Amino acid sequence: MHIPEGLIPAQQAAVWYVPAVGFVGAGLVGLKRRLAIKPEVRPLIGLMGAFVFVISLMPIPVPGLGTVSHPCGTPMAAILLGPLTATVLGSVALLLQALFFAHGGITSWGANIISMAVGGSFAGFAVFKVSRRVGLGLGISAGMAGLVGDLVTYGLTSLQLALALHGDEPVAYVWGAAFASFLPTQVPLAIAEGLFTAGVVVFIANQRAEILEGVVIRP
Amino acid sequence: MKRWILILTVVGVFVVAVLFTESKWEGDVTEGAATPLAEKAGVEESEVLPWKVDGDLLLFFFLSGGAVAGFAAGYYWRTLFPGSDSRKMV
């Protein structure tokens, strides 16, 4: 989902920056407030930042297809820390990846923030919350959050690519074609991300339940 | 025990499947999806930074940043992990 440098026209890149700056700004304000009230959350924030950075950079091979892709990590960060904090962590990870690993870009940073940091975090968090509200188990809710957050990220990336590169063809058609080209690789990875998210959240609930205090909605 | 056998089996099947897939494993899936669209639209990927950084200079900066971050984490260890140093380490 890291859209490379130069593929999005400058005007569109600027438009993507506007909501991205809004979300990251709101996240930073919330983070500052949160750290003032609850400073002990700092290690978890640092750990999740490192986690999102590594997991969203890791090229995981998909057997049979010969392709590689990566999970997002932002759904899990959103479950543990809230979607706005996860947005901040995702945007920092994307900046470092663009600067040091040529993974993504600076002009496409805003668009990548919207797809992975905002889309992955908010979609994952919403699915987790709704799943818990309707009475689904912790593991299933977290798993669905990971899976949906991952797919929403790639759906948004497809939309951004379609808007930027549709040429004479309808945007909806190009979006569908781009998303369809992602699916064979990304569906197995989304399932893996769901399983991993479920495993980690359940493990934390068993070992350090206080981390999930105030986050996990008991049905 | 059963859980570990299951995990090892899944990992083993994954590794074998990866090894037997004929591919060079090049490029992220986004590149695979974006490249045909970009070629069709006549757009090319460009360098991230407007200036050229040679050789391992970026690696140097990244590792230097990592070292500074590691030092900061160690320096503020008690602030970050209050109470976790109750057991004396020799």
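Axes here are lines fitted to C-alpha atoms, for helices over the stretch in contact, and angles run from 0 to 180 degrees between N-to-C directions. The model is predicted, so to speak of a local feature takes pLDDT of at least 70 and of a side-chain atom pair pLDDT 80 or more, while totals for chains, interfaces and linings use all residues. Residues are numbered from 1 along each chain as its sequence is written, with chains lettered from A and ligands numbered from 1 in the order in which they are written.

Start with helix α3 (residues 74-81) of chain A, which packs on α5(A) at an angle of about 55 degrees, their axes 7 Å apart; helices are DSSP runs (H or I, at least four residues), numbered from the N terminus. The two are therefore oblique to each other, the term for angles that are not under 35 degrees (roughly parallel), over 145 (roughly antiparallel) or 65 to 115 (roughly perpendicular). Among the residues that meet are A:P75 and A:I79 in α3(A) and A:F125 and A:F128 in α5(A).

Now follow α5 (residues 109-133) to helix α1 (residues 10-37), also of chain A: this pair packs at about 45 degrees, with axes 7 Å apart. That makes α1(A) oblique to α5(A). Residues of α1(A) including A:W16 and A:F23 meet residues of α5(A) including A:I113 and A:V118.

Finally, look across to the partner chain. Here 28 residues of chain B are in contact (C-beta atoms, placed from the backbone, within 7 Å) with 34 residues of chain A. On the side of chain B that touches chain A, α2(B) gives the most, with 9 residues.

Key. Contact = placed C-beta atoms within 7 Å.
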